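Please read the following briefing alongside the sequence and the coordinates.

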Amino acid sequence: MTAQTLDGKATAAAIKDELTVRVRALAERGVTPGLGTVLVGDDPGSHAYVGGKHRDCAQVGIASIRVDLPGDATQADIEAAIERLNADPACTGYIVQLPLPRGIDTNAVLEKIDPAKDADGLHPTNLGRLVLRVAEAVDSPLPCTPAGILELVRRHGLDLAGKDVVVLGRGTTVGRSIGLLLTRKDVNATVTLTHTGTRDVARHLREADVIVAAAGVPRFVTTDMVKPGAIVLDVGVSRIVDGDRTRLVGDVDPAVAEVAGWLSPNPGGVGPMTRAMLLANVVGAAERAAGIHASD
Ligand SMILES: Nc1nc(=O)c2c([nH]1)NC[C@@H]1CN(c3ccc(C(=O)N[C@@H](CCC(=O)O)C(=O)O)cc3)C=[N+]21
């Protein structure tokens, strides 16, 4: 048996088509959503991600505002760039590409972002809203990768209610925040968060109905750790040097496809969904700024 594919590329394309329609409706009201990016330094991976985000924007009719700062930019330089984007009416949402260079206080930077323009959904105010509004749909930006994972699963007709989900990794963008979404009453999953301090990670994984692998450890999850039929989401990305080129490798051994019921490929799974959710946050912020609400 081989796992069915959680096709992030095709699902993201469908979401982008839907967003194009919403962007057109905004244009009729004279509103153009604009995504800003703040990129510090010259990490090739970060450049590739940011480039991809601007290409996505062009596809759905979102304007882009790109701010690139040198690797030796100071805390004050970065915060000044943020203040300009907060004040710029053409920018309806923006992100600060992470990680920031060593020596920069990332949390201080993220807290300067206007929560209404937080396209990543990582501002403390927006994460706090997620904590406070367990029962209802929240009309505020959601963290892109967790939201993308839920949307990917939902659009493949899978229901997580009552399922035991084991999350691997306690990073801010995925591990720490995905449980907030998975345990909302409209999802109703049960969540275990495992990390480097967990005594026997493999034991937890083997009992999981759903695995969210976000540890950033190449091919950590192997066939012996997966219950037959489980839903497996491969979130992690590591760059591996392979001869004279680099390859992207996920947290899940591709052989897991022989055991799992569903598997998100990597690339082509969670990554494109993260980008689609970023666009959705920018469009949502522009709609709210224009007085249009999700329930309208
Ligand atoms: N403020 C901030 N927000 C982020 O959302 C953020 C970040 N910083 N820093 C880095 C991580 C990583 N991340 C990815 C997004 C898309 C793909 C993606 O689309 N990957 C393609 C492959 C792309 C390729 O081939 O290079 C795929 O999975 O098919 C991957 C990784 C967002 N992140």
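G171 touches R176 and A214, leaving aside residues up to four places away in sequence, where contact means that the C-beta atoms, placed from the backbone, lie within 7 Å. This is a predicted model, in which local features need pLDDT of at least 70 and side-chain atom pairs count only at pLDDT 80 or more, while totals for chains, interfaces and linings use all residues. Residues are numbered from 1 along each chain as its sequence is written.

**Annotated positions**
- An unreviewed UniProt entry lists G169, R170, G171 and V237 under "binding site", and such annotations may be inferred rather than shown by experiment.

**Ligand shell**
- The ligand is surrounded by 18 residues, of which the closest are I95, L98, P267, G271 and T274 (a residue is near if its C-beta atom, placed from the backbone, lies within 6 Å).
- The elements giving two or more residues to this shell are α2 (44-60), β4 (93-96) and α9 (270-289), and the largest share, four residues, comes from α9.

**Domains and confidence**
- Domain 1 (25-116) and domain 2 (142-271) each give at least three residues to the shell around the ligand, and their C-alpha centres lie 27 Å apart.
- The predictor gives the complex an ipTM of 0.93 and a pTM of 0.95.

Note on methods. Domains from an automatic or database assignment. Contact = placed C-beta atoms within 7 Å.
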